[in-house]
Amino acid sequence: MHGCVDLLHMRRQRGLSIIECLIAMALLSIVVLVTCHTLAAGHQHIHHGDRIATAARLGRDMLEEIASRAYRDLDTPTNFGLEAGETTRAHFDDADDYHGYSEPAGSLCDFAGNAYPVHDEGFSRSMTVTATTHAVAELGRSFPGVSVVVTVRAGSGEQWEFKRFIPEPGR
């Protein structure tokens with residue numbers, strides 16, 4: 001009887017068999033694979049969110065710049081678009097001067113002409129300004145003004161549009 005107990009005790013101390021080790025390694029591999037997939041997906045979501053936030057900032061900055069300009073040029077109030085001598089953005093003095101203006105990737109600048117950080121170089125933006133009216137049903141009337149659309153494009157092909165209606169003053 002004593003020999004039987006020694007034999008059972010010996011079997012318990014042998015450790016894991018090769019099959020048990022392979023099963024444990026397979027389970028561990030699955031856990032590692034799932035964890036890596038989750039981390040990669042999280043990284044993609046963070047990168048996508050960062051692109052959206054950057055595009056929103058670039059679009060908002062340009063909308064604010066355009067809205068800060070005069071509604072129309074005082075020297076030529078009937079002219080829509082660029083007036084004589086307005087060859088660069090630094091000369092734009094009213095909202096409609098931005099119609100058709102665009103900045104290619106790698107050359108975006110803020111209102112003061114300072115280049116945006118390297119992180120923003122993969123984006124481009126273009127502007128459309130059109131004369132329009134905006135109906136406000138609650139007031140029962142329409143207001144003349146300009147519709148501004150800033151389109152921001154990422155190098156990946158994604159595109160976002162930011163819009164603002166600027167009412168004509170005094171109406």
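Tutor: Glutamate 103 is buried, with a relative accessible area of 3%. The cut-off for buried is under 20% relative accessible area, so a value of 3% falls in that class. The model is a predicted one, and the values below are computed from it. Glutamate 103 belongs to strand 1, which covers residues 102-103.

Start with what surrounds this residue. Apart from neighbours within four places in sequence, glutamate 103 is in contact with Met62, Arg89, Leu108, Cys109, Ser124 and Arg125. Two of the residues in that list, Arg89 and Arg125, need a closer look.

Take arginine 89 to begin with. Its side chain makes a polar contact of 2.6 Å with the side chain of glutamate 103. The pair also counts as a salt bridge, at 2.6 Å from N to O.

Now take arginine 125. The side chains of arginine 125 and glutamate 103 are joined by a polar contact of 2.4 Å. In the salt bridge between arginine 125 and glutamate 103, the closest N and O atoms are 2.4 Å apart. This pair links distant parts of the chain, since arginine 125 is in strand 2 (residues 123-136) and glutamate 103 is in strand 1, 22 residues apart. Arginine 125 is buried too, with a relative accessible area of 2%.

As a general point, side chains of opposite charge can pair when their charged atoms come close. Over the whole structure, a search finds 10 salt bridges.

Another of the salt bridges gives a contrast in setting. Glutamate 161 pairs with lysine 163, and their closest N and O atoms are 3.8 Å apart. Glutamate 161 is partly exposed, at 45% relative accessibility. Lysine 163 counts as exposed, at 58%. Glutamate 103, by comparison, is buried at 3%.

In general, strands of a sheet pair through backbone hydrogen bonds, either parallel or antiparallel.

Further along the sheet, strand 2, the strand of arginine 125, pairs with strand 3 in the antiparallel sense over 14 bridges. Within this pairing, methionine 127 stands opposite valine 150 in strand 3. The hairpin of strand 2 and strand 3 has 4 residues between the strands, and glycine 140 there takes a positive phi near 70 degrees.

Strand 3 (residues 141-154) also pairs with strand 4 (residues 159-167), again in the antiparallel sense, over 9 bridges. Valine 148 stands opposite arginine 164 in strand 4, and serine 147 has phenylalanine 165 in strand 4 as its bridge partner. The hairpin of strand 3 and strand 4 likewise has 4 residues between the strands, and in it glycine 157 takes a positive phi near 100 degrees.

Leaving out residues up to four places away in sequence, leucine 82 touches Phe92 and Asp97. Leucine 82 and glutamate 161 are 79 residues apart in sequence, and their C-alpha atoms are 23 Å apart in space.

Helix 2 spans residues 18-68 and includes isoleucine 30. Isoleucine 30 is exposed, with a relative accessible area of 52%. Together with Ile19, Ile23, Leu27 and Val34, Ile30 forms a nonpolar patch on the surface, with about 510 Å² of accessible area for the group.

Terms used. Residues numbered from 1 in each chain as written. Predicted model: local features only at pLDDT ≥ 70, side-chain atom pairs only at ≥ 80, totals over all residues. Heavy atoms only, no water. Patch = residues over 30% accessible without salt bridge, like charges linked within 9 Å, V, L, I, M, F, W, Y side chains within 5 Å. Areas by Shrake-Rupley, 256 points an atom, 1.4 Å probe, with all protein chains shown as cover. Salt bridge = Lys/Arg side-chain N within 4 Å of Asp/Glu carboxyl O. Helix = DSSP H or I, 4+ residues; strand = E, 2+ residues; numbered from the N terminus. Buried < 20%, exposed > 50% of the residue type's maximum accessible area, 1.4 Å probe, protein only. Polar contact = N/O pair within 3.5 Å; in protein donor to acceptor, adjacent residues only side chain to side chain. Contact = heavy atoms within 4.5 Å. Pairing = 2+ DSSP bridges.
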